[in-house]
Amino acid sequence: SLTDKLQNVFRNLRGKGRLTEEDVKLALKEVKMALLEADVSFKVVKQFISAVQERAVGEDVLNGLNPGQMVIKIVNEEMISLMGSETTEIKLQPTNEITVLMMCGLQGAGKTTTAAKIAGKLKLKGRKPLLVACDIYRPAAIDQLQINASKQEVDFFTLGSHADPVDIAKASIEEARKKGNNVVIIDTAGRLQIDDIMMQELVDIKNAVGVHQTLLVVDAMTGQEAVNVASEFNEKVGVDGIILSKMDGDSRGGAALSTKAVTGKPILYVGMGEKLSDLEQFYPDRMASRILGMGDVLSLIDKAVEANAERDAEKDREMAQKMKKGKIDFEMYLESMKAMRNMGGLSSIMGMLPGMGKISDDMLPDEKQLARIEAIVLSMTPEERKNPKLMSPQRKFRIAKGSGNDIADVNRFIKQFEQMQKMMKQMPGLMGDKRGFGKFG
Ligand code: GDP
Ligand code: MG
């Protein structure tokens, strides 16, 4: 399975002390194969791999993790974002209005079962659902929905197999009004394959009763085909949310991974069995961790991320303390400049502070300058970095040579640094314990 394959790839990485770009490439090549075999669409795989690659090369390995775990972390995060990151709920109208939901999908996908499952969930939320049978082509389907409705103890409506589906749908709204139902769930007919007549019927129902949410049920076992089906339904009928049924089966995971990326529509639920209680909310993070099959590694990664955040916070506090006393050194200057760039510029940060309006972004180095500053600081001895007062003309000259800069560049940098230092001293209290001031604490 996909999970087994991915675990193998990561097991091979785990032994490594340090990852080279080549290691990452090789591992991702295997991840790519595993995803393709799991029936994830080629386009999605390509984008996914290049996103992971781009991040993996050049990202610092967090303390407490090895490079292999770092790759797992990135793969996991990219999988989550591929699946839409957030859990999406069915959008319902206020309780005093009738919300109309329409189920659609191919024959056997699980529409009738899922309609009843959803009715049960909404009932638990305090709604009063009405299940409506519009599949007139298979008389057994009407009975099936009726039986499910009574199992769920929710209301049921149909006009029978001789009525027109659009008429049934219209009449069901009247029925809901009379009986006080605030959710109408319309079960429709499917075909074995995409078929224009079926699509037209869905569009007709949708237009006739003003469906609020069109819910598409696709069979996860069919992999990439499920995603193609979803695209077609979305183009022809318009879909608001997708339910992946039969995820309890030997599904290859491909549908879960690519549906959102291909259709742009979120997965709302996953079907986990034939029983009417077997419907689960879709959580992209849980799904990713299930596909990766690495609960233990992922929780280790979480811990490392937390520990690193704590360490950063501690560093921030130290820096804030030093700055409070006007004790800024070159290394701190470099770090704060980087932090400020990440936070969207000096002016946007200073603008938030009282009395700091006159400072402009001119003081903020661009990427090129930042690299130059970094080179300059790296050419200083540890003592020089800590104690700016040591800076003599000889030292400046040595640093300029060592960093491949002109003496003028070094002087400009030191001048900027001194300006910053002055500024720090001029705002007592400001550098205090305020959080949310980036690296300043
Ligand atoms: P419809 O033709 O789209 O209405 O599909 P049905 O609701 O009649 O379901 C077809 C078959 O799939 C039935 O035997 C269901 O019990 C089964 N089924 C539906 N959802 C699931 C699921 O999540 N897991 C499993 N294992 N079976 C399901
Ligand atoms: Mg059905």
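Me: How far is an oxygen atom of ligand 1 from a polar backbone atom of Lys111?

Reply: This is a predicted model, in which local features need pLDDT of at least 70, side-chain atom pairs count only at pLDDT 80 or more, and totals for chains, interfaces and linings use all residues. Residues are numbered from 1 along each chain as its sequence is written, chains are lettered from A and ligands numbered from 1 in the order in which they are written, and side-chain values use heavy atoms, with hydrogens and water left out. A polar contact is a pair of N or O atoms within 3.5 Å. Here the distance to the polar backbone atom of Lys111 is 2.7 Å. Ala109 has a backbone N or O atom 3.3 Å from an oxygen atom of ligand 1, and a polar backbone atom of Gly271 lies 3.3 Å from a ligand oxygen.

Me: Which element gives the largest share of the shell around ligand 1?

Reply: Helices are DSSP runs (H or I, at least four residues), numbered from the N terminus. Helix H5 (residues 111-124) supplies four residues of the shell.

Me: Which residues of the shell are charged, polar or nonpolar, by number?

Reply: Asp, Glu, Lys and Arg count as charged; Ala, Val, Leu, Ile, Met, Phe, Trp, Tyr, Cys and Pro as nonpolar; the others, Gly among them, as polar. The shell has six charged, eight polar and three nonpolar residues.

Me: Of the 17 residues around ligand 1, which come nearest?

Reply: A residue is near a molecule if one of its heavy atoms lies within 4 Å of it. Gly108, Lys111, Thr113, Asp248 and Glu274 come nearest to ligand 1.

Definitions and conventions
Polar contact = N/O pair within 3.5 Å; in protein donor to acceptor, adjacent residues only side chain to side chain. Helix = DSSP H or I, 4+ residues; strand = E, 2+ residues; numbered from the N terminus.
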